[in-house]
There are 2 protein chains.
Amino acid sequence: MSAGPSTVIKALTLLDYFNPSRTAIGLSEFAKLSGYNKATALRFLTALESKGFLEQDIETRIYKLGPAFLRFSQLRETSFPLAEAVKVVLRDLNASTGETALASVIAGENLATIDVVESRKLNRVTLEQGAALPFHATASGLAYLAFATDDIIEGALSRELTSHAGKTITDQRKIADRLDAVRATGVAHTDGSFEEDVMGVAAPYFGPSGKVCGSVAIGFPAVRGTPDHMTAFEEDVKRAAMRLTGLRGGYYPDDFPEWAL
Amino acid sequence: MSAGPSTVIKALTLLDYFNPSRTAIGLSEFAKLSGYNKATALRFLTALESKGFLEQDIETRIYKLGPAFLRFSQLRETSFPLAEAVKVVLRDLNASTGETALASVIAGENLATIDVVESRKLNRVTLEQGAALPFHATASGLAYLAFATDDIIEGALSRELTSHAGKTITDQRKIADRLDAVRATGVAHTDGSFEEDVMGVAAPYFGPSGKVCGSVAIGFPAVRGTPDHMTAFEEDVKRAAMRLTGLRGGYYPDDFPEWAL
DNA sequence: GGCAATCGTTTCATTTATTGAACCGATGGA
DNA sequence: TCCATCGGTTCAATAAATGAAACGATTGCC
């Protein structure tokens, strides 16, 4: 059962080691993180750099994400403006709930935050843009997974299920149950599974062929997760996801709980 | 003297076939454009798709640029906000000149438009965002090349120098002369070399290690290229490039004509 | 100031993934 | 109905990826 270890995939995987708190990486660090041989890593890095996907500081020899992303995201947006639609939807979701709103999208094996509109409350949830969201510990991740294909679910859960907080669910069976619940209602909840005293509510949005693309969510301090708030939150989040689905030209899949819309 | 044709580079090169007027490409078209075997192209495409760099419409099987660019450009911007700085600079350049302002950045072997602020005049130059700029026929290209390393210059000029308009310079020696002029003054001009009756003025901007990153430019109808306009335009463009260099945390290289600043 | 660790980089024999012609079934237009 | 073209698959031949070791240059530590 050889998965076909394409060289291209290996090279592109190096980019996944960037995150909001690690924006610059050197050769040796790449080699250590990826487990590749230093020579191999170097060849990948120079290849990526030559196409503008990385940028090497000529003095420190350290690598950063390159200008190609500027170029291609620009290009993608002209033909397929998602970023703008996301911004609008999140602003409204933030306005109606008063909480921090975020949207995520699946890119490869990662669910990545693509935009955040923060709450203006003093006690609020602050998120890093561009961060990867663990599938099993966030509402966004659960909302996405619930409507993903079986092999994606399996792939996501077969990784190590890190415990991020006291209430993180690390049992694969329990997560499967949670996903069933999400499928039934169309929304996902978390309560202290990503960070202590932080709750999340999320709903998936879909693409043109009924394929789930990512999720829309809010995050808020657990103290504000009172029952009456929650029902309002759920409605708002679902509406936001529906709207984004529409703006994206997407369709809900057949197995989506219609009554939940 | 085998150049070592890395598979990774070949795969990433496929992405270069996207442009503002071709935002979706099928397998066979990729194979034809790139000259790769269909099987090879397919393997590259699925690899790119699996990492989110491409997105395949499940019905038409056609490929588009994927969501990974959203993710990584977001990530790049949080640590290194260029897009915003560019927007500000271009708006001011547009305000002071009244003409269409654009910024470009080198990504791999291409000089790509990353942002455009259009003139509000009726008779104006309209540009497509994300388009690749030919080095030899645009002011942006000449401004960049003039301060690039010798091997980049050679690489850029060794490609076929397509004639885009009546006055396009396709003679390599003449272009070298133009580059000398640009080095002396710090600004590049074009007059009808990219499109008839369109003029351009451009200046390079630099990165943290004194390396040229791209250029800032304006494009305008040739009728407005009167001598007094031109001197003002040059000053405005140079100032804009200087500002962008500063915002980017860049430095001018030692061989930059200081009196030109 | 000198020693040691670590950095990025190069080399080269070994291995393994990449390559491409031919083939397949599906789709769609003439 | 036929033919062209689409996306995708197969498999032997081949060419490219690999990794241990070594190199020189910094860097940091005693």
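**View 1. Six strands of chain A form an open sheet with antiparallel pairing.** In this predicted model, the strand order across the sheet is 5-4-3-8-7-6. Strand 5 (132–133) and strand 6 of chain A are at the edges, and each has a single partner strand, so one side of each has no neighbour in the sheet.

**View 2. Strand 3 of chain A pairs with strand 8 of chain A.** Strand 3 covers residues 100–107 and strand 8 covers residues 212–221; six bridges join them in the antiparallel sense. A:Leu102 is placed opposite A:Ala217, a residue of strand 8 of chain A. Strands of a sheet pair through backbone hydrogen bonds, either parallel or antiparallel.

**View 3. Helix 8 of chain A spans residues 172–185.** From first C-alpha to last, the 14 residues of this helix reach 20 Å, close to the 20 Å expected at 1.5 Å a residue. After helix 8 of chain A comes A:Gly186, with a positive phi near 85°.

**View 4. Helix 8 of chain A has a buried side and an exposed face.** The buried residues in this helix are A:Ile175, A:Leu179 and A:Val182. They lie on the same side of helix 8 of chain A because they cover an arc of only 60° around its axis. An α-helix has 3.6 residues a turn, so residues three or four places apart point the same way. Turned away from the buried side is a face with the exposed residues A:Arg173, A:Lys174, A:Ala176, A:Asp177, A:Asp180 and A:Ala184.

**View 5. The buried residues of helix 8 of chain A pack against other elements of the chain.** These elements are helix 6 (139–146), helix 7 (150–158) and strand 6 (188–191) of chain A. Strand 6 of chain A is also an edge strand of the sheet.

Technical notes:
Residues numbered from 1 in each chain as written. Chains lettered and ligands numbered in written order. Predicted model: local features only at pLDDT ≥ 70, side-chain atom pairs only at ≥ 80, totals over all residues. Helix = DSSP H or I, 4+ residues; strand = E, 2+ residues; numbered from the N terminus. Expected span 1.5 Å × (residues − 1). Buried ≥ 20, exposed ≤ 12 C-beta atoms within 10 Å, placed from the backbone. Arc of directions from axis to C-beta. Contact = placed C-beta atoms within 7 Å. Pairing = 2+ DSSP bridges.
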